[in-house]
Amino acid sequence: MTIHKTSQNIVVVNTGCANISSVKFALERLNVSVSVSDDLDTISKADKVFLPGVGSANAAMASIEKKQLKECIQSLSQPVIGVCLGMQLMVDQSEEGLDSNTHCLGLIPGTVKRMQVGDLRLPHMGWNTVTPVGDSPLFSGIPAGTYFYFVHSYAVDVYQHTLASCEYGYPFSAALHKDNFFGVQFHPERSGDAGAKLLENFVNL
C-alpha cells in the first residue's frame, strides 16, 4: 500500500456509537497517523475525517447531537467518509427508529429504508460483491465484482448519488458521494486487501 500524504491529520469522529478501534487500527496498518476525537476544533482542522457508526440511527443521532457534533460535521469542507451506519447518517432521514423517521445530517440527499429482500435473511451479513458506478478515485484499482464485508438491515436505494451498488434481494447503494462527502455501507476495515485499498484511496484524495 502506498500512502502519498503521510503527514496528514486524520481524525476519526468519536460519535459515541461506533467501534472506533477497528477503523483506527485499519488506518494504522497503512502507516497513517490517526486521532480519535469529539473535539469540534480538532475535527474542523483535520485533513480527512472518518465518521463511523454502529447500532441504530436514532441512537446515533441522539449521541451526535448531545456531543454538539451535528453542525460541526455539516460545516466540514475537507473529504469526509461515513462507514456503515456513518454513511446512513449522511443522508436526510432514516426509517430506522422508534417513530420510523429519524432526521439525519442531510449531507447527501436520500432516505435510508429497511431492506426488502424477500425470503433472504436480515441482517445482510457477510461478503458480497460491489460494482462501482462511473470512475471514482475512491474505487481506483478496485474492479467491479470485488468482495466487501457487510452487516446491515437498512440501506439507501440506487439513485443519482450512488457511487457503487450491491445486490442482496434487490440493488442498493454500497457507496454514496456528493461534494466532499463519501459514504460506504460496507466495512472497509473488515474487508481485507480490498478494504485497505479503499482506505488508501480515501487518504490519498
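# Exercises on a predicted protein model

When neighbours within four places in sequence are left aside, histidine 161 is in contact with Ile108, Pro109, Ala175, Leu176, His177 and Lys178, where contact means heavy atoms within 4.5 Å. This is a predicted model, in which local features need pLDDT of at least 70 and side-chain atom pairs count only at pLDDT 80 or more, while totals for chains, interfaces and linings use all residues. Residues are numbered from 1 along each chain as its sequence is written, and side-chain values use heavy atoms, with hydrogens and water left out.

**Exercise A**

Task: Find where histidine 161 lies, and decide whether histidine 161 counts as buried or exposed.

Solution: Begin with the place, which is the loop between strand E10 (154–156) and strand E11 (162–167); strands (E, at least two residues) and helices (H or I, at least four residues) are DSSP runs, numbered from the N terminus. Then turn to the cut-offs: buried means under 20% relative accessible area, exposed means over 50%, and partly exposed lies in between, with a 1.4 Å probe and protein chains only. Histidine 161 has 14% relative accessibility and therefore counts as buried.

Task: Which residues of helix H3 are buried, and why are they on the same side of H3?

Solution: Look along helix H3, residues 57–66, where Ala57, Ala60, Met61, Ser63 and Ile64 are buried. They cover an arc of only 160° around the axis, and so they lie on the same side of H3; the arc is that of the directions from the helix axis to the C-beta atoms. Next ask what covers these buried residues: the cover includes helix H4 (70–74), helix H5 (85–88), strand E5 (93–94) and strand E6 (102–103).

A check from the other direction uses threonine 102, which lies in strand E6 and is buried at a relative accessible area of 7%. Leaving aside neighbours within four places in sequence, its contacts include Ala57 and Met61, both of which are among the buried residues of H3.

**Exercise C**

Solution: Glutamine 68 follows H3 and is placed in the loop between H3 and H4, whereas aspartate 179 lies in the loop between strand E12 (171–178) and strand E13 (181–184). As for accessibility, glutamine 68 counts as exposed at 60%, and aspartate 179 is exposed with a relative accessible area of 56%.

**Exercise D**

Task: Which residues are joined by a cis peptide bond?

Solution: Examine omega, which is about 5° for the cis peptide bond that joins leucine 122 and proline 123. Then place the proline: proline 123 is found in the loop between E7 and strand E8 (124–132).

**Exercise E**

Task: Give the distance between the C-alpha atoms of glutamine 74 and leucine 105, and then that between the C-alpha atoms of glycine 110 and arginine 121.

Solution: Glutamine 74, which is found in helix H4, and leucine 105 are 31 residues apart along the chain, and their C-alpha atoms are separated by 6.8 Å. Glutamine 74 also touches Leu105, Leu107 and Phe181, not counting residues up to four places away in sequence. For the second pair, glycine 110 and arginine 121 are 11 residues apart along the chain, and their C-alpha atoms are separated by 24 Å. Glycine 110 belongs to the loop between E6 and strand E7 (111–114), and it is buried, with a relative accessible area of 15%.

Task: Why does the radius of gyration of the protein agree with that of a compact globule?

Solution: Take the rule, which is 2.2 Å times the number of residues to the power 0.38, with the radius of gyration taken over C-alpha atoms. For 205 residues a compact globule would have a value near 17 Å, and the protein has 16 Å, which agrees. To complete the picture, buried residues make up 53% of the 205 residues, and the protein contains six helices and 13 strands.
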